[in-house]
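Please keep the sequence and the structure in view while working through the numbered points.

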Amino acid sequence: MEVATMSDQLPAGVERRAFDGVERLATRGDPVYGEPTDGEWRAWDPTRSKLGAMFELGMETGLEGDDTVLYLGAASGTTVSHVADFAGPTYAVEFAPRPARDLLSAAQSRPRLFSLLADARKPETYAHVVEADVDAIVQDVATRGQARVALENRRFLADDGRLLLAVKARSEDVTSDPDDVFADVETELEAGYEILERRRLDEYHTDHLGVVARPK
Ligand SMILES: C[S@@+](CC[C@H](N)C(=O)[O-])C[C@H]1O[C@@H](n2cnc3c(N)ncnc32)[C@H](O)[C@@H]1O
């Protein structure tokens, strides 16, 4: 019988490699945020990336090399650049012009990374660009209404696709207990998704929840 190891959960193109003697997640591509490099490999910092934290914590993302990905809340490209290093076509949605400019430079050396200056709450504005039936939606929008954003973008996801969602409690409500906020977000999500795994990301990101879900 094969023994499952942590690395079994990593997509092709994501590896654990040693940087200065410390084993870290890594992808192959041009550096974007000052991360350490070793030849063509670049370290993936889980303290700067919720998806990186989900991998570090051993969550089963279901992501595979060459997957088509819709990434919501790309900011200046820290995480989505790692995704585009191993995935197939990667559509990166960001609505703030300033980080979107940096995102464009991260995309320069990544022909499969498509930057979209758009509001993730208005999927109809980018529906003509994003291909149908993406394999994964990665969402890290840190805004009020995070479940609604996931539900509104469900239309892009293949029936057997995955939602990889980072929920920031404080973006929903700064005063409530994060566990109560997460429970409300999960209840709302269940209108369109079945939750497969949930895990707090506090080791890397305070008051954040990682969720893996599939469309109902
Ligand atoms: C926590 S940051 C994302 C960090 C990024 N995911 C990373 O790991 O590199 C959240 C981003 O979501 C963006 N955002 C918030 N609401 C949005 C919306 N409705 N549509 C598009 N982007 C949004 C913000 O401008 C911000 O850049």
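1. The lining of the largest cavity consists of Lys50, Leu51, Met54, Tyr71, Val138, Gln139, Asp140, Leu164 and Ala166. On a 1 Å grid over the protein atoms alone, a cavity is a set of points where a 1.4 Å probe fits but cannot get out, and a lining residue has an atom within 4 Å of a point. The space in this largest cavity is about 40 Å³, a volume being the space filled by probe spheres set on the points, with grid points joined across faces, edges and corners. The count comes to one cavity of 30 Å³ or more.

2. The model is predicted, and local features need pLDDT of at least 70, side-chain atom pairs count only at pLDDT 80 or more, and totals for chains, interfaces and linings use all residues. Residues are numbered from 1 along each chain as its sequence is written, and side-chain values use heavy atoms, with hydrogens and water left out.

3. Which elements supply at least two residues each of the lining of the largest cavity? They are α1 (50–56), β8 (134–139) and β9 (157–168). Helices (H or I, at least four residues) and strands (E, at least two) are DSSP runs, numbered from the N terminus. α1 gives the most to this lining, with three residues. By class, the lining of the largest cavity has six nonpolar, one polar and two charged residues; Ala, Val, Leu, Ile, Met, Phe, Trp, Tyr, Cys and Pro count as nonpolar, Asp, Glu, Lys and Arg as charged, and the others, Gly among them, as polar.

4. A pocket, by contrast, is an open set of points with protein on both sides within 12 Å along at least five of seven lines. The largest pocket has a volume of about 360 Å³. It is lined by 23 residues, of which Gly73, Ala74, Glu94, Asp140 and Val141 are the closest to its centre. β5 (69–72), α2 (78–86) and β6 (90–94) each supply at least two residues of the lining of the largest pocket. That lining comprises 11 nonpolar, six polar and six charged residues.

5. Seven strands form an open sheet with mixed pairing, in the order β7-β6-β5-β8-β9-β11-β10; two strands pair if DSSP finds at least two bridges between them. β7 (113–117) and β10 (193–200) are at the edges with a single partner strand each, so one side of each has no neighbour in the sheet. From one strand to the next, the twist averages 15°. Within this sheet, β5 and β8 run parallel and are joined by four bridges, and Val69 stands opposite Ala136 in β8.

6. A second open sheet has four strands in the order β1-β2-β4-β3, with antiparallel pairing. β1 (15–19) and β3 (37–38) stand at its edges, each with a single partner strand, so one side of each is left without a neighbour in the sheet. β1 and β2 are joined by five bridges, and the bridge partner of Ala18 in β2 is Glu23. In the hairpin of these two strands, which has two residues between them, Asp20 takes a positive phi near 50°.

7. How is the chain divided into domains? The assignment gives domain 1 (6–43) and domain 2 (50–215), the bounds coming from an automatic or database domain assignment. Their C-alpha centres lie 21 Å apart. Across the two, 17 residues of domain 1 are in contact (heavy atoms within 4.5 Å) with 20 residues of domain 2.

Definitions and conventions: Axes fitted to C-alpha atoms, helices over the stretch in contact; angles between N-to-C directions.
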